[in-house]
Amino acid sequence: MTAPTDNMRADGARLWNSLMEMAKIGPGLRGGNNRQALTDADAEGRRLFARWCAEAGLAVSVDAMGTMFARREGTDAEAAPVLIGSHLDTQPTGGKFDGVLGVLGALEVVRTLNDLGIRTRHPVEVVNWTNEEGTRFAPAMVASAVYAGVMSLQDAYAATDAAGLTLGAELERIGFRGERPAELAAGGPVPHAYFELHIEQGPILEAEGLDIGVVTHGQGTRWLQVTLTGREAHTGSTPMPRRLNAGLGMARVTELVDAVAWKHAPLAVGAVGHVEVYPNSRNIIAGRAVFTIDIRHPELATLDAMDREIRAGAAEIAARMGLGIAIEEVNAFDPVTFDPVLVGHVRAAAERLGYRHRDIVSGAGHDACWVNKVAPAAMIFCPCVEGLSHNEDETITPEWAKAGADVLLHAVLATAEAV
């Protein structure tokens, strides 16, 4: 027997129009967005979101980290809320959809419930997490980390940007330091569930002609900062055997990282990212190189093995070349297994609605990964063109956005219990 809600669909045109309206705030240089956390553009985007929430009949509250919660009451005043959302902040050269689709897709779910007069037993809260990107204030996913109790509010407030401005001061300046406790342990019910809709940020779904990714796991991450110390010398007059070339050592470690990732394929990835070479002069052999290594895998044992292999291999390279070496772990994030019941709701929704789908592992970190530590969580992916993200050319289609919102709507209905 078909339930009255089985064929419900989101309003794709309304969702797309909302995405395009938000994209007008903090425009990038070539069609994307630069709406970094706690800037004036971020504040403007937050105010627009708050206005839309109020128009949808939602009660908006803000916590001490600036995270916004827009609540639609349920029929059971004692029931824990179902949270749905993502983030509105962007990279400096970001696209229109990373994070934003999850927030506005969640708002579209509520708008659709309103249109159809459907109530849920559990309250539903649309969430905009603060500073997910971590591009202005490191690390990433700060607000959800504070929420989950893995980072203190004081440490989050003390984070500084390139100009030396603190997160706490900027939160105060834009008027979004709220009264609601930022740490879940400090007040408020444990959520019944959390769902996050997001673009894949990878090429798999588009390449396979699929509409929906059912996210089962999130990759674990290790960020290592390596410092190689050699000796600065003249590039023209120093014989090759007498050189202590930190730049060459960095190149060999870069090759090592790539080889380790390939060794643990197909799920492993790894690369050298941020690089600083000293003195960075065209006719001086580099005496020091400082660079970061990013390795990821969805299984903790494999991730730890990759870490050990890279540390040992880098030390061997440095010893062979006569270089000093120091390795510091600057970030560690264990793999995530999302709640199987909620993942099942996402999979069932995609099947019921006829969307082509597959299980998938998230290669990027998301707020859902931290929330998953304190409440059941799951994610939904939609494709993005050529897998491109963190780039102004990032794009999706209206049909992909609607498919993601449809699946989110049905997963929420199954979890919040339509009445």
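This is a predicted model: local features need pLDDT of at least 70, side-chain atom pairs count only at pLDDT 80 or more; totals for chains, interfaces and linings use all residues.

Modeller: The account below takes the annotated residues in turn.

UniProt, in an unreviewed entry, lists His87, Asp98 and His198 under "binding site". These residues are spread over 112 residues of sequence, yet they cluster in space, with a largest C-alpha distance of 9.8 Å. Of this set, Asp98 is included in the lining of the largest cavity. A further "binding site" annotation, also from an unreviewed entry, covers Asp98, Glu133 and His390. That set spans 293 residues of sequence and likewise clusters, the largest C-alpha distance being 9.6 Å. Here Asp98, Glu133 and His390 are each part of the lining of the largest cavity.

Consider the histidines of the former set. His87 is found in strand S3, residues 82-87, and counts as buried because its relative accessibility is 0%. Its side chain reaches the backbone oxygen of Asp89 at 3.0 Å. Beyond its sequence neighbours up to four places away, His87 touches several residues, among them Asp98, Glu133 and His198. His198 has its place in strand S5, residues 193-199. With a relative accessibility of 1%, His198 is also counted as buried. The side chains of His198 and Asp98 make a polar contact at 3.0 Å.

The other two residues lie in loops. Glu133 is in the loop between strand S4 (124-129) and helix H4 (142-148). Its relative accessible area is 9%, so Glu133 is buried. Apart from neighbours within four places in sequence, Glu133 is in contact with His87, Asp89, Thr90, Gln91, Asp98, Ala140 and His390. His390 occupies the loop between strand S15 (377-382) and helix H12 (398-416). His390 is partly exposed, because its relative accessible area is 40%, a value between the limits of 20% and 50%. Its contacts, with residues up to four places away left out, are Gln91, Thr93, Asp98, Glu133 and Gln201. A polar contact of 3.2 Å joins the side chains of His390 and Asp98.

Taken together, Asp98 has side-chain polar contacts with His198 and with His390. Asp98 is also among the residues in contact with His87 and Glu133.

Methods:
Residues are numbered from 1 along each chain as its sequence is written. Side-chain values use heavy atoms; hydrogens and water are left out. UniProt positions are given in the numbering used here, feature names are shortened, and annotations may be inferred rather than shown by experiment. On a 1 Å grid over the protein atoms alone, a cavity is a set of points where a 1.4 Å probe fits but cannot get out, and a pocket is an open set with protein on both sides within 12 Å along at least five of seven lines; lining residues have an atom within 4 Å of a point. Helices (H or I, at least four residues) and strands (E, at least two) are DSSP runs, numbered from the N terminus. Buried means under 20% relative accessible area, exposed over 50%, partly exposed in between (1.4 Å probe, protein chains only). Contact means heavy atoms within 4.5 Å. A polar contact is a pair of N or O atoms within 3.5 Å; within protein, one must be able to donate a hydrogen and the other to accept it, and residues adjacent in sequence count only if both atoms are side-chain atoms.
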